[in-house]
Every structure is written in structure tokens, then in C-alpha cells.
Amino acid sequence: MALVSESKKSCAVNPLKMSQPLGASYAFMGLEGCMPVMHGSQGCTSFGLVLLVRHFKEAIPLQTTAMNEATTIMGGFDNIEKAVLNIRQRARPAIIAICSTGLTETKGDDVEGYLKLVQKRHPEVADTALVYISTPDYVGAFQDGWAAAVKGLIRQLALPGQATVAGRIAILPGGHLNPGDVEELRDIVERFGLEPVFAPDVSGSLDGHIPDDWLGTTLGGTPLQALRTLGSAQHCIAIGEQMRPAAEQLKSQCGVDYTLFTRLTGLSATDAFVMKLAELSGKPVPARLQRQRSQLVDAMLDGHFHFGHKKVALGAEPDLLCAAGHFLTELGAELSVAITTTPSPVLHSMPCSEVVIGDLEDFERLAQAANVDLLITHAHGRQAAERLNKPLFRLGIPIFDRIGNAHTCHVGYRGSRNFVYELGNQFITQIPHHGPDDWPLPPAAIEAARPPAELAAASA
């Protein structure tokens with residue numbers, strides 16, 4: 001069992017974590033026809049917008065209530081009202097999803113009360129679902145905001161008392177999963193003849209496609225009707241410990257039982273997921289998945305030569321730390337440094353001696369002390385890699401100095417195989433290769449190889 005400690009520094013020198021409002025906004029991106037809104041100052045929204053645009057290289061719809069000094073003191077109802085009416089008139093979204101920021105949380109705005117008053121005063125907004133999630137950015141981290149958003153969406157939109165639809169599976173993916181991960185999970189579930197309903201579904205909105213028509217809202221994702229009918233699912237699968245509260249909300253509200261998987265990266269983790277799908281569907285494991293499992297086993301055999309006894313420093317959100325950290329140790333690597341952003345039950349089960357809730361300065365300092373072979377974190381770890389002269393494997397959000405981030409897949413048999421190859425090749429590039437100067441010839445050999453004087457003179 002790992003010891004979980006928290007850095008007691010006065011401030012974060014080089015932050016690893018991102019805020020709750022950003023995590024909630026990212027979750028809203030996985031809803032079809034949605035306009036995410038941050039209730040706070042323009043700067044809060046601008047920061048989140050730039051970060052998501054740089055990571056996904058896509059247009060990101062994200063609005064703000066543009067609070068200033070006066071409206072913060074007097075209350076934000078007028079700003080909420082104007083934002084809702086303007087967004088509805090210009091973008092015609094199916095959902096307007098609002099999350100708070102530290103500014104409005106400190107003031108104590110009753111946003112749910114504001115929205116009820118807006119609906120009462122403006123019947124024309126009845127065709128638009130209004131959702132509010134409390135996400136103060138002075139506590140928690142990115143995955144906490146995502147988790148709060150998904151739980152809030154279920155609480156406010158899922159309708160109880162629905163008849164169960166056989167074969168329909170509600171899937172609640174954690175915020176640590178990429179659009180490519182979600183797409184892979186959909187493929188696995190559908191191979192069993194099941195109907196997956198992802199909530200939210202970033203694979204439909206942030207997968208880098210070019211739409212036929214421009215819209216001011218999100219392009220793809222989970223439709224509003226699918227959110228309302230989550231209670232009709234035969235079973236719910238939650239991925240990541242962060243999704244436990246949302247799964248419990250769906251169970252208490254709609255009576256849908258759930259199974260939680262803390263990770264889906266690695267052989268044993270994917271086996272458990274596949275066997276659960278076989279149980280739910282009553283069908284055998286498809287031959288295609290059996291083939292992919294065999295390929296993963298072969299990849300692990302090929303890669304274990306390069307992972308054995310390698311020291312790794314890993315910095316990530318708790319559920320991503322859990323998924324990557326466990327698989328690394330299963331491949332033979334040593335998790336020498338583990339840094340995360342926020343408390344979580346999964347941290348105590350990490351395969352290392354200590355997990356530190358800290359920042360990238362802690363990450364760099366501990367990695368240097370442990371003399372690790374590889375750093376794994378998001379793109380903000382590149383300065384530490386340069387200072388330590390260590391290779392950096394980019395993992396998580398944000399990654400703004402690479403393209404194709406939306407399509408990275410590290411779950412299931414195929415995704416786990418990708419992870420083995422990508423990391424294994426990273427280790428291979430660090431193997432020192434010999435050159436001609438590594439085997440200096442003795443003077444006698446050099447003399448013997450020298451051409452006769454007359455031949456040298458003739459060639460000159």
C-alpha cells in the first residue's frame with residue numbers, strides 16, 4: 001500500500017493540476033448541441049478555451065457570463081439572464097451547461113435559483129435544458145470537475161421510472177479517457193451486440209472531424225434525449241474511481257445497477273471488462289477480441305526486455321496515474337516517482353512506496369533524486385525533461401506540442417498494445433549505440449594499416 005502525502009509548500013511553483021471548471025467544461029464538450037458556460041470573469045474562460053484549443057487543435061465553443069467587480073458584489077443574476085437569452089437566440093443549443101468558478105463561488109451566487117427565475121420570466125427558453133454544476137476552482141482538480149459535471153447531468157436530466165431496454169448499457173467514462181479511448185470502448189461493446197450510451201461522449205465531438213455545416217455549439221456527442229433515458233439502461237459501467245458518485249447517482253435515481261472499473265489499460269484490466277460484457281450480453285467473446293488479446297500478450301513479451309528495471313517518474317490525475325502506473329509495473333518497470341493532483345481512493349493501491357499530491361517542481365525534484373530513466377506527464381513537463389536531460393513521454397491534458405492527441409488510445413487490448421509499443425520504443429531510443437571511436441585500435445594495428453610511403457605519395 002502506497003503512502004499518500006501532500007506537498008506543504010506555500011504555493012505551486014510549476015502546476016501539474018488544472019481546475020474543476022475546466023474539467024466540467026470538458027465534460028460538457030461531450031454533449032450534442034451544448035453550449036458550455038463558465039460563470040465568472042472573462043479571463044477564467046479565456047484560459048480554459050486556449051488550453052483546449054491548443055490540445056485538440058479544434059474550435060471550442062465556450063462562453064462566459066463576464067462578471068466584473070460590480071456584478072460580483074451585487075450578484076450575477078443579470079449576467080446569467082443575459083447569457084442564457086443571448087446564447088439561445090444566437091446558437092439555439094439543446095443544452096446550456098453552466099459551471100461556477102472561484103469568483104462566483106466565493107460570492108455565493110444561487111445559480112440554480114437564478115435559472116429557475118430565468119425560466120419563469122422567459123417561457124421561450126423552455127425548449128432549452130439549463131444545467132448548473134458547482135465547481136469552485138480553489139479546491140479539487142480537473143477530474144473532480146468532470147466527475148461533478150457527470151453526476152450533475154444525471155441528477156438534473158436523467159428521468160426515473162423508465163422501462164429497462166435489454167442490451168442498452170450506460171457507460172460513464174472518466175475525464176482521463178481520450179476521444180480515441182472512448183471510440184475503442186464503443187467498438188468493444190458493440191462487438192457483443194450491446195447498445196452503449198456514453199455520457200458524456202467526447203469521441204463524437206472532439207475527434208477532429210470536419211462538419212458539413214458550421215454550428216456555434218458542440219459538434220456531436222451525447223444527445224439530450226439519451227441523457228434523459230439513461231435510466232432505461234440494463235446496466236451501467238463506470239470507468240475510473242472518479243465516476244463512482246455519478247454511477248451511484250444513477251442507481252439511486254433510476255435503479256440502474258453499476259460495475260466500476262478503476263482502469264481499462266493492461267491485460268488483466270481488459271480481461272475483466274470483456275468478461276463483464278460477455279456476462280451482460282450472454283454471448284461468447286468475439287474471435288476478433290481474442291485475436292487482439294493474443295496480440296497484446298505478444299507485445300508484452302516483445303517489450304518486457306526494454307521495460308525491466310526501468311525507473312519511471314509519473315505525474316498525472318489520479319485515475320490516469322492508476323491506469324498507467326499499474327500497467328508499467330506489470331511490464332517490469334519500477335514506478336519510482338508518482339505525483340498527482342487531488343485525493344482519491346485509488347492512490348493507496350498504487351504499486352509504489354509513496355504518492356505525492358503536488359506539482360511539477362515536486363515531480364522534477366523527486367525524479368532527479370531517484371535518477372529515473374523516463375518522465376511521463378503532460379506537455380508542461382518538457383522544461384523538467386530539458387533540465388534533467390531525461391526523455392519525456394507525454395500523457396494527459398494538455399499536450400500542445402504534438403498533433404493527433406484526440407486519437408491516442410491506451411485502453412482495451414489494442415490501446416494497451418499501443419502503450420507498450422510507444423513506451424518501449426521510447427526506451428529503445430535511449431539505448432547507447434557504439435560508433436567507430438568506441439573501439440580505438442592499438443598503435444601496431446594503425447601502423448599495419450598505413451599504406452606504403454610510395455603508394456601514399458603516388459595517390460597524393
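Where is the place of proline 398 in this chain? The place of proline 398 is in the loop between β14 and α16, and in this model, which is a predicted one, a cis peptide bond with an omega of about 5° joins isoleucine 397 to proline 398.

**The chain as a whole**

The secondary structure of the protein chain comes to 18 helices and 14 strands, and the C-alpha trace spans about 105 × 60 × 50 Å along its principal axes. Of the 460 residues of the chain, 54% count as buried. Among the contacts with a separation of 6 or more, 73% are accounted for by residues 24 or more positions apart.

Most residues other than glycine have a negative phi, and most peptide bonds are trans. The table collects the places in this model where the backbone departs from that pattern.

| Site | Feature | Value | Location |
|---|---|---|---|
| Alanine 199 and proline 200 | cis peptide bond | omega about -5° | proline 200 in the loop between β7 and α9 |
| Isoleucine 397 and proline 398 | cis peptide bond | omega about 5° | proline 398 in the loop between β14 and α16 |
| Lysine 57 | positive phi, not a glycine | phi about 55° | loop between α2 and β3 |
| Alanine 66 | positive phi, not a glycine | phi about 50° | loop between β3 and α3 |

Why do lysine 57 and alanine 66 count as partly exposed? Partly exposed means a relative accessible area between the 20% limit for buried and the 50% limit for exposed, and lysine 57 is placed in that class by a relative accessibility of 40%, as alanine 66 is by a relative accessible area of 30%. Proline 223, found in the loop between β7 (195-198) and α9 (224-228), also counts as partly exposed, at 32% relative accessibility. Proline 223 and lysine 283 are 60 residues apart in sequence, and their C-alpha atoms are 28 Å apart in space.

**Strands and their pairing**

Strands of a sheet pair through backbone hydrogen bonds, either parallel or antiparallel. An open sheet of four strands runs in the order β3-β2-β4-β5, with parallel pairing. Because β3 (63-64) and β5 (129-133) stand at the edges and each have a single partner strand, one side of each is left without a neighbour in the sheet. Within this sheet, β2 (residues 34-39) and β4 (residues 95-100) pair in the parallel sense over six bridges, and methionine 38 has cysteine 99 of β4 as its bridge partner.

Strand β13 (residues 374-377) pairs in the parallel sense with β10 (residues 311-315) over three bridges, and likewise pairs in the parallel sense with β14 over three bridges. The bridge partner of valine 312 in β13 is leucine 374, while isoleucine 376 has phenylalanine 393 as its bridge partner in β14. From β13, Leu374 and Ile376 point one way and Leu375 and Thr377 the other way, and all of them are buried.

**Helix α10**

Which residues of helix α10 (residues 244-254) are buried? They are Ala246, Ala247, Gln249, Leu250, Gln253 and Cys254. These residues cover an arc of only 155° around the axis, so they lie on the same side of α10. The buried residues of α10 pack against α7 (142-157), β6 (165-173), β8 (233-239) and β9 (258-261). Glycine 255, with a positive phi near 75°, follows the helix.

**Cavity and pocket**

Rolling a probe the size of a water molecule over the atoms shows where empty space is left. The structure holds one cavity of 30 Å³ or more, and the largest cavity has a volume of about 30 Å³.

The largest pocket holds about 620 Å³ of space. Its lining comprises 38 residues, of which Asn178, Arg394, Leu395, Gly396 and Ile399 lie nearest the centre of the pocket. At least two lining residues are supplied by each of α13 (318-330), β14 (392-394) and α16 (412-428). By residue type, the lining of the largest pocket divides into 17 nonpolar, 15 polar and six charged.

Definitions and conventions. Residues numbered from 1 in each chain as written. Predicted model: local features only at pLDDT ≥ 70, side-chain atom pairs only at ≥ 80, totals over all residues. Heavy atoms only, no water. Buried < 20%, exposed > 50% of the residue type's maximum accessible area, 1.4 Å probe, protein only. Arc of directions from axis to C-beta. Contact = heavy atoms within 4.5 Å. 1 Å grid on protein atoms, 1.4 Å probe; cavity = no way out; pocket = protein on both sides within 12 Å on 5 of 7 lines; lining within 4 Å. Points joined across faces, edges and corners; volume = space filled by probe spheres on them. Nonpolar A, V, L, I, M, F, W, Y, C, P; charged D, E, K, R; others polar. Pairing = 2+ DSSP bridges.
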